[in-house]
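Subject: Structure for your files

Hello,

Here are the sequence and structure we talked about. My notes on the sheet and the cores follow below.

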Amino acid sequence: MIKAIRGMRDLLPPETSRWQWVEQVAREVFGLYGYREIRLPLLERTELFARSIGADTDIVGKEMYSFPDRKGDSLTLRPEATASVLRAVLEKGLDKGAGVKKLYTLGPMFRYERPQKGRYRQFYQINCEAFGVDAPELDAEVILLLLDILARLKLSETRLLINSLGCPECQVKFKAALGLFLISREGLCEDCQRRRETNPLRVLDCKSVHCKEILKDAPVIRDYLCPDCAAHFARVLALLKHFGVAYEEQPRLVRGLDYYSRTAFEVVATGLGAQDAVAGGGRYNGLSQELGGPILPAIGFAIGEDRLLEVLPRDLGQGNEFKVFLAALGEPARDKAFGLLQELRRCNVAAEMDLEGRSLKAQMTLADRFGALYTVILGDRELETGEAMVRRMAEGSQERVALQDLTTLLAARARE
Ligand code: HAM
């Protein structure tokens, strides 16, 4: 038997109803904040991610699904969406015109990580990106949007972690100080020994307990922010406070991707274990120029849908759908039921029947499994009298309904 690839899951019903519900809520909230959907290819040129995310990151260094296509061009299954969204924005000129441009996208991402709870090789993100405005108000609005989605999904027990990574000038100064601090430290992991030379910021993102211990006394970027970056960050925090958002400043938060500048944030949820970040994002004001585009300030976030669904209550999104089962005995009744089935569906009532001529008892079992609220029982006698027996499954109560009124009655109850 051929099995699914390690780290790549099948999402099955009824679990998929929860996913649909999460996505529907996210789409509604994006609509309220003026975002529109963009749909992108899953494959991009490898160079796009290498240049955006950074050569020293785990994602580019170890986790990309890259392969040559038949012409020998190196392609990569997208490990994230931000680089692709920006590629499309620049390629299609969506950055033109005044004001903020707001886009969202949903879909699978691919990273060759070691699979474990909350970490998959194909996982799903709900992605938000806003372009064209550097004002701290936009940072606050994007964070409020993220929290709005999570609140409507009834996700409680979260913490918002936030930091500022400064602009390139702040980062040059900070990297020099951090590099100096790291040079004399013994016992860094192999990756960090290399990174302290190439990109010391990456050392701050190392997961090794030992490296984390060493970093306890490392300098923090907050002390290296230029006046503009410091004022920007202070304003973002003041706005969050104004809206009653509880946040925790995390002076060592750098995120796993190199493109961030200024505001960076994560939302972590309790109950997720080691992989506790349900969402992460920040500003990436320099990425457009990095990719050969114009100056284009930008900010965004991605929610990890797999992790989000892990912590949301089980029964959410699994509302009691109004469903009707038609139980028919004998060929004439089955023919009638088959017609009624289509009529009900045309009137927006979810309806099902047995197509294999089972006994009444077996059909009632099917009705239960289908989750029917009502079962309509049709036999020779019902056809003769022109009245069907309608059973409310929860109470077992029954009523007789004229066949010609059946669809109208059930459609009306479905709307109640
Ligand atoms: P990221 O932090 O790499 O950021 O990913 C965002 C979220 O995706 C994480 O917080 C986590 O919930 C989820 N995630 C990441 N890797 C996995 C995995 N292997 N399995 C399950 N879930 C995972 C980004 O991707 C940025 N593009 C976010 C962004 C948008 N920044 C600006 N705009």
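N163 stands opposite A264 of β9. The strands involved are β7 (residues 158–164) and β9 (residues 263–269), which run antiparallel and are joined by seven bridges. Please keep in mind that this is a predicted model.

Both strands belong to an open sheet of eight strands with mixed pairing, in the order β1-β5-β6-β11-β10-β9-β7-β8. At its edges are β1 (36–37) and β8 (247–249), each of which pairs on one side only.

Two helices are worth looking at next to the sheet. α4 packs on the sheet, where it touches β5 and β6, and its direction makes about 45° with that of β6. Helix α5 (residues 136–152) lies across β5, β6, β7, β9, β10 (277–283) and β11 (298–304), and runs at about 15° to β11.

Now the cores. The largest nonpolar core has 50 residues. Within this core, the residues with the most contacts are I53, V85, F131, L182, L188, L204 and Y259. At least two core residues come from each of α2 (46–53), α3 (58–62), α4 (82–92), β5 (101–110), β6 (122–131), α6 (168–183) and α8 (209–214). Another core, of 45 residues, lies apart from the largest one; V25, V29, I162 and L309 are among its members.

Regards

How values were computed: Residues numbered from 1 in each chain as written. Predicted model: local features only at pLDDT ≥ 70, side-chain atom pairs only at ≥ 80, totals over all residues. Heavy atoms only, no water. Core = buried A, V, L, I, M, F, W, Y, C linked by side-chain atoms within 4.5 Å. Buried < 20%, exposed > 50% of the residue type's maximum accessible area, 1.4 Å probe, protein only. Helix = DSSP H or I, 4+ residues; strand = E, 2+ residues; numbered from the N terminus. Pairing = 2+ DSSP bridges. Contact = heavy atoms within 4.5 Å. Axes fitted to C-alpha atoms, helices over the stretch in contact; angles between N-to-C directions.
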